[in-house]
Amino acid sequence: MQASSSNRPTTHYGRGAAIGLAIALLAAMLIAINPVGYIGGHWDDGRYLATAQLWATHGPQLGHDHWALRATVVGPAAIAIKLFGDTRPALMLPGLLLLVALLAVQFAAAWRAFGLAVASIATLALVTTPAILFAATRLTADLTETLFWALALWSYWFAGTATRHQRLWLLATGLATGLAFATRETAVGLCLVLALGWVKGWRSDRLPRRVYGWIALGFAAVALPELISFALASGDAFYRVRVDLAHVKIASTNLDGLTFAGHQVLLNPELMSRWHGAGPIRLHWAIDPWLNLFANPGYGLGFAATALAVLAAFRRAPSAPLRALCGPLVAVIVIQVAVVLYVIATDPKPRMFMPSLLPAALLFALAAQSLGTNRAGRALVAALLASKLILTFIAVDFAPAQPDVAAQAATALALADGPVHVSRWTRSQLALAPASVTDRLTTAPPLADTLALTIERPGDDDDGVHAATDTLLWRSPPGRAPLSVRAMQVLGVPVTATIALSSQRRTPTVNLYRRGAN
């Protein structure tokens, strides 16, 4: 009995490590099905890459748009380029490391706070979210901001519950909040969450209002150096904030009219109403994003499954943690979404609400813990997790494949000599191509009997280089069918042509033309 007792901690941690490894492997498998990687063109990663390449060559520079001023995104990308070169795998590395860090923080913190079962389910809920998986191989601010939200919220939790190092937890809360705000202005929602905790006196027995000064100190440790650096470089300490608020003056296909000329961005209903948004529900701009939290497949049923589990748990006998935390966690979700929609008034795409998936995942796990006391509850949780996994697999599998267009362009250009005319968007998509390709590209308008190369992406506007009189010299092969379709074909399961060709029709196509007479 003595030996058995001494082995329990080892067995406990060994089991946790095994579960954590299994969740990490699941995430790796889902990403490997269809890794997105660098896209460029109209997408944000092209802007981040251009700045990262500049930083890798010349060191940090003062940027002139909101992408170039996000040092927490550009810096890691520049380091990856410096170490491994301008390659697709190198640009995937920062996002993959962010995903590993996010899952590790969620798993370790939830395990310490609520036990292994809650930690496992809360982390699995994040893994089975397509928006998170898509961001893991791309240059975006989404996972960066979400990771800092996770660090801030969990540090705040442990500041109110831990028996030691309270000041360190509070400093960590402020530091992470400052880094989140330095990443993207939407993190003002995190500041409002902490302000609400101060006003409402959350855990006032452990966190009297006077100790919130440590959070402010941590935030200032990030904000003050940034303000000073911008004041020295541009003469305006709030340079980044002003540039961020001017982002609507840069053309965006997600905005009616492409740009917004109004002087006021914050709390502007006109601007809010002009964003296209994403999701199947289209009733009114003010409520569509809220409804699409439950309907958009990019969330992988994250909010819908949480709502169902919580309702089922409260119909039975909710656990004490669920009763205590349901209100605060819902408040975090509401604040984060509302700030994006109505305060910052930015594009309401699923990726913008990624931080709200953190409290949703924990809420789902706490509800699952309550439901786990009986067979019917366990069956419901299992069904919801299985549904999330299946939907995530379908969303990842049927998403447009992203081939290596740089390699395809090199194949095309080997067929003919001379300069090749491209649009600036196509040039951005070929930013990772070898010099043998990029040295031949020109964005000047093509003349008669010259070469033009296009990259056609479903949903993107015509780049203006290809004309009806052009002669097609080469076209990249069609994309592969989704993994699930190929598996059914191998097994002899009948598959309709519509399903079998769905992925090919949505895969980017590289085309080489010879310009005809004007």
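This is a predicted model: local features need pLDDT of at least 70, side-chain atom pairs count only at pLDDT 80 or more; totals for chains, interfaces and linings use all residues.

Q: OK. What volume does the second largest pocket have?
A: About 450 Å³ for the second largest pocket.

Q: Which residues are closest to its centre?
A: Leu153, Tyr156, Pro328, Leu329 and Val332 are the closest to the centre, out of 20 residues that line this pocket.

Q: Which helices supply at least two residues of that lining?
A: Helices α7 (142–161), α9 (188–200), α15 (320–343) and α16 (357–371) each do. The most comes from α15, with 6 residues.

Q: And how does the lining split by class?
A: The lining of the second largest pocket has 17 nonpolar residues, 2 polar and 1 charged.

Q: Back to Tyr156. Is tyrosine 156 buried or exposed?
A: Tyrosine 156 has a relative accessibility of 8%, so it counts as buried, the cut-off being under 20%.

Q: Switching to rings. How many aromatic pairs does a search of the whole structure find?
A: The search gives 12 aromatic pairs. One of them joins tyrosine 156 and tryptophan 202: the centres are 5.0 Å apart and the planes make an angle of 40 degrees, which is classed as tilted.

Q: Where do tyrosine 156 and tryptophan 202 lie?
A: Tyrosine 156 is in helix α7, while tryptophan 202 is in the loop between α9 and α10 (213–234), so the pair ties together parts 46 residues apart in sequence.

Q: Which residues form the aromatic cluster?
A: One cluster takes in Phe114, Trp154, Tyr156, Trp157, Phe158, Trp169, Trp202 and Tyr212.

Q: Which arginine lies over the face of phenylalanine 158?
A: That is arginine 112, at 4.9 Å from the ring centre. Another case is arginine 209, whose charged end sits over the ring of tryptophan 198, 5.5 Å from the centre of that ring.

Q: What does glycine 197 touch, leaving out residues up to four places away in sequence?
A: Glycine 197 touches Tyr156, Trp202 and Tyr212. The glycine is found in helix α9 and is buried, with a relative accessible area of 8%.

Q: How far apart are glycine 197 and phenylalanine 148?
A: They are 18 Å apart in space, C-alpha to C-alpha, and 49 residues apart in sequence.

Q: New topic, backbone. What is the phi of leucine 301?
A: Leucine 301 has a positive phi of about 60 degrees, although the residue is not a glycine. Leucine 301 lies in the loop between α13 (288–295) and α14 (302–315), and counts as partly exposed at 29% relative accessibility.

Q: And what about phi of aspartate 449?
A: Aspartate 449 has a positive phi too, near 65 degrees, and is likewise a residue other than glycine. Its place is the loop between β2 (441–442) and β3 (451–456). At 54% relative accessibility, aspartate 449 counts as exposed.

Q: Last one. Where does glutamine 402 lie?
A: Glutamine 402 is in the loop between α17 (375–398) and α18 (405–413). The residue is buried, with a relative accessible area of 15%.

Q: What is glutamine 402 in contact with, leaving aside neighbours within four places in sequence?
A: The contacts of glutamine 402 are Asn34, Val36, Ile39, Arg88, Arg457 and Pro508.

Note on methods:
Residues are numbered from 1 along each chain as its sequence is written. Side-chain values use heavy atoms; hydrogens and water are left out. On a 1 Å grid over the protein atoms alone, a cavity is a set of points where a 1.4 Å probe fits but cannot get out, and a pocket is an open set with protein on both sides within 12 Å along at least five of seven lines; lining residues have an atom within 4 Å of a point. Grid points are joined across faces, edges and corners, and a volume is the space filled by probe spheres set on the points. Helices (H or I, at least four residues) and strands (E, at least two) are DSSP runs, numbered from the N terminus. Ala, Val, Leu, Ile, Met, Phe, Trp, Tyr, Cys and Pro count as nonpolar, Asp, Glu, Lys and Arg as charged, and the others, Gly among them, as polar. Rings of Phe, Tyr and Trp (its six-membered ring) pair if their centres lie within 6.5 Å; planes under 30 degrees apart count as stacked, over 60 as edge-to-face and the rest as tilted. Buried means under 20% relative accessible area, exposed over 50%, partly exposed in between (1.4 Å probe, protein chains only). A charge sits over a ring if NZ of Lys or CZ of Arg is within 6 Å of the ring centre and within 35 degrees of the ring normal. Contact means heavy atoms within 4.5 Å.
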